[in-house]
Amino acid sequence: MNSRPTHPDVLVVGGGATGTGLARDLALRGVDVTLAERDGLSAGASGRSHGLLHSGARYAESDPEGARECLEENRILRDIGGAAVRETRGLFVQLAEDDPDYFEEKRAACEDVGIPTDVIDGETARDAVPGLSDEVERAMWVPDGVVVPSRLVAANAAAAREHGADILPHAPVTDMTVDDGRIASVSLGDAGRTLEPTYVVNATGAHAGRIAAMAGVSVPMRPTRGVMVSIDYDGLEPVLNRCRDPADGDIVVPHDDEAVLGTTSVPVDDPDDYERADWEVERTIEECATVLPAVTEAERIRTWWGVRPLYEPEEAARGGRGISRGFHLLDHAADGNEQTSSSALGSDGVENFASIVGGKLTTYRRMAEATADLVCDRLGVDAESATATTELPGASEPSTLDEYVREFDGQGPTDADLVGNSR
Ligand SMILES: Cc1cc2nc3c(=O)[nH]c(=O)nc-3n(C[C@H](O)[C@H](O)[C@H](O)COP(=O)(O)OP(=O)(O)OC[C@H]3O[C@@H](n4cnc5c(N)ncnc54)[C@H](O)[C@@H]3O)c2cc1C
């Protein structure tokens with residue numbers, strides 16, 4: 001690192017899906033971007049998630065708008081993502097103890113949203129998914145898929161770099177100076193490197209409140225942790241979802257010879273330092289075993305936790321876990337407004353600063369596009385987003401994607417069995 005200030009048009013802080021997606025979007029529009037990530041890429045929620053590419057079916061009855069966004073992004077990612085996504089399909093299963101009306105409600109809601117479904121009886125479901133519980137009474141196919149998040153994030157970073165962006169892993173933002181209502185300088189790491197960007201975007205997920213505070217701005221976050229358990233399980237094809245009100249341990253995500261069980265949702269005060277409770281592991285396995293009984297006896301390969309980047313005002317207003325999490329684009333300028341939902345944060349008075357929080361891995365591209373629209377508006381750049389129609393670099397070559405992951409030190413636990421095994 002050198003000690004000379006540099007002057008990118010935009011500094012993106014945070015190298016998860018949102019930050020790298022934003023760097024890609026801006027770079028494709030010709031904007032000069034630097035991205036700073038404190039660890040390797042994907043070190044936050046993106047590399048530690050369940051990895052479900054939502055079809056929207058999980059949220060169809062409780063949040064049709066959120067479900068529609070998932071469906072659209074699901075289709076886009078299948079088009080542009082290549083080996084960073086897997087087209088597995090998903091199966092919502094109703095057990096004998098589950099409310100049949102809920103199943104009907106979800107099926108009808110999927111139809112309203114435009115999510116294709118195909119209802120099958122228990123026997124047909126067991127033929128399609130060997131090992132499925134005898135308690136499954138009926139099931140419904142939906143177009144869920146699987147994200148390989150380390151590849152997705154690294155490919156977004158590689159795309160940004162191809163278009164001139166500077167991608168800096170292991171470059172934590174440690175300080176900012178604000179002068180006359182603008183961020184004047186940003187310090188990276190302890191080596192004395194300083195940037196003087198024209199605009200700064202805070203895409204640090206659960207850490208967004210801390211970065212915002214460096215500029216004297218409040219971004220209240222209410223993060224929750226969730227556990228995932230990867231087990232030795234060969235040959236599961238679709239994602240399995242328990243068809244009931246979202247609860248602990250109701251999703252099983254297939255990998256080649258592993259399955260990832262999850263998850264829980266427990267509030268944490270500090271996204272870096274939180275309890276990892278045994279009961280979460282046991283409950284997750286127990287609940288997933290109601291759908292796929294053999295998981296109880298299967299060898300446990302990895303257990304990890306992730307922390308959801310939840311925005312406090314939305315969480316306070318939520319009516320339950322089944323409501324999809326929207327994203328929040330907070331423009332910290334004096335005349336700025338929140339771009340996407342109810343509560344406006346418009347009086348922060350830092351002209352060249354925005355935060356993007358909440359959302360899902362599935363909707364990262366949409367979050368990035370909305371943020372890039374705001375930034376381009378502020379910079380006077382007249383260019384449209386091209387990210388929905390441009391394939392990610394290396395998409396058709398798993399080994400190239402895995403090379404990007406290595407280059408950016410981007411391996412997370414969600415896909416540790418898949419990434420690096422490509423030939
Ligand atoms: C348990 C769990 C399961 C989930 N399952 C799913 C799922 O199946 N499907 C789905 O669509 N979504 C899922 N999600 C949600 C999804 O993972 C997140 O919404 C998404 O990954 C957030 O991406 P992000 O880039 O905004 O944040 P992150 O991925 O958290 O990225 C923020 C980055 O900022 C970095 N950072 C922090 N401080 C600094 C600093 N000072 N300087 C520089 N960098 C900094 C962090 O290291 C991190 O890499 C899940 C989340 C959790 C926790």
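In which loop is Thr 263 found? Thr 263 is found in the loop between strand S17 (258–262) and S18; helices (H or I, at least four residues) and strands (E, at least two) are DSSP runs, numbered from the N terminus.

## Basis of the model

This is a predicted model, in which local features need pLDDT of at least 70 and side-chain atom pairs count only at pLDDT 80 or more, while totals for chains, interfaces and linings use all residues. Residues are numbered from 1 along each chain as its sequence is written, and side-chain values use heavy atoms, with hydrogens and water left out.

## Ligand site

The ligand is surrounded by 37 residues, and the closest are Thr 18, Glu 37, Ser 46, Leu 52 and Thr 362. A residue is near a molecule or strand if one of its heavy atoms lies within 4 Å of it. By class, the shell around the ligand has 18 polar, 14 nonpolar and 5 charged residues. Here Ala, Val, Leu, Ile, Met, Phe, Trp, Tyr, Cys and Pro count as nonpolar, Asp, Glu, Lys and Arg as charged, and the others, Gly among them, as polar. Helix H1 (17–28), strand S14 (224–232) and strand S19 (300–308) each supply at least two residues of this shell; S19 gives the most, with 3 residues. Because domain 1 (10–46 + 149–220 + 320–407) and domain 2 (90–142 + 224–308) both give residues to the shell around the ligand, the ligand lies between them. The domain bounds come from an automatic or database domain assignment.

Polar contacts are pairs of N or O atoms within 3.5 Å; within protein, one must be able to donate a hydrogen and the other to accept it, and residues adjacent in sequence count only if both atoms are side-chain atoms. An N or O atom in the side chain of Thr 18 is 2.8 Å from an oxygen atom of the ligand. The protein covers 94% of the 1,000 Å² of accessible area that the ligand has on its own. Accessible areas come from the Shrake-Rupley method with a 1.4 Å probe; for residues, only the protein chains shown count as cover.

## Cysteines

The structure holds 0 disulfides, a disulfide being a pair of cysteine sulfur atoms within 2.5 Å. For Cys 70, the closest cysteine sulfur is that of Cys 110, at 11 Å from its own sulfur, which is too far for a bond.

Cys 70 counts as buried because its relative accessibility is 0%; buried means under 20% relative accessible area, exposed over 50%, and partly exposed in between (1.4 Å probe, protein chains only). Cys 376 is likewise buried, with a relative accessible area of 2%.

## Backbone geometry

Most residues other than glycine have a negative phi, and most peptide bonds are trans. The peptide bond from Gly 262 to Thr 263 is cis, with omega near -5 degrees.

Ser 42, a residue other than glycine, has a positive phi near 70 degrees. Ser 42 is placed in the loop between strand S2 (33–36) and strand S3 (52–53), and counts as buried at 3% relative accessibility. His 170 is not a glycine either, yet has a positive phi of about 55 degrees. The loop between strand S9 (166–168) and strand S10 (173–179) holds His 170, which counts as partly exposed at 44% relative accessibility.

## Polar contacts within the protein

In strand S11 (residues 182–188) lies Ser 185, buried at 14% relative accessibility. The side chains of Ser 185 and Thr 177 are joined by a polar contact of 2.6 Å.

Glu 314 belongs to helix H8 (residues 312–317) and is buried, with a relative accessible area of 16%. The side chain of Glu 314 reaches the backbone nitrogen of Gly 326 at 3.1 Å.

## Separations in sequence and space

Gly 249, in the loop between strand S15 (239–242) and strand S16 (251–254), counts as buried at 2% relative accessibility. Gly 249 and Arg 283 are 34 residues apart along the chain, and their C-alpha atoms are separated by 6.9 Å.

Asp 272 sits in the loop between strand S18 (266–267) and helix H7 (278–289) and is partly exposed, with a relative accessible area of 37%. Asp 272 and Thr 400 are 128 residues apart in sequence, and 31 Å apart in space from C-alpha to C-alpha.
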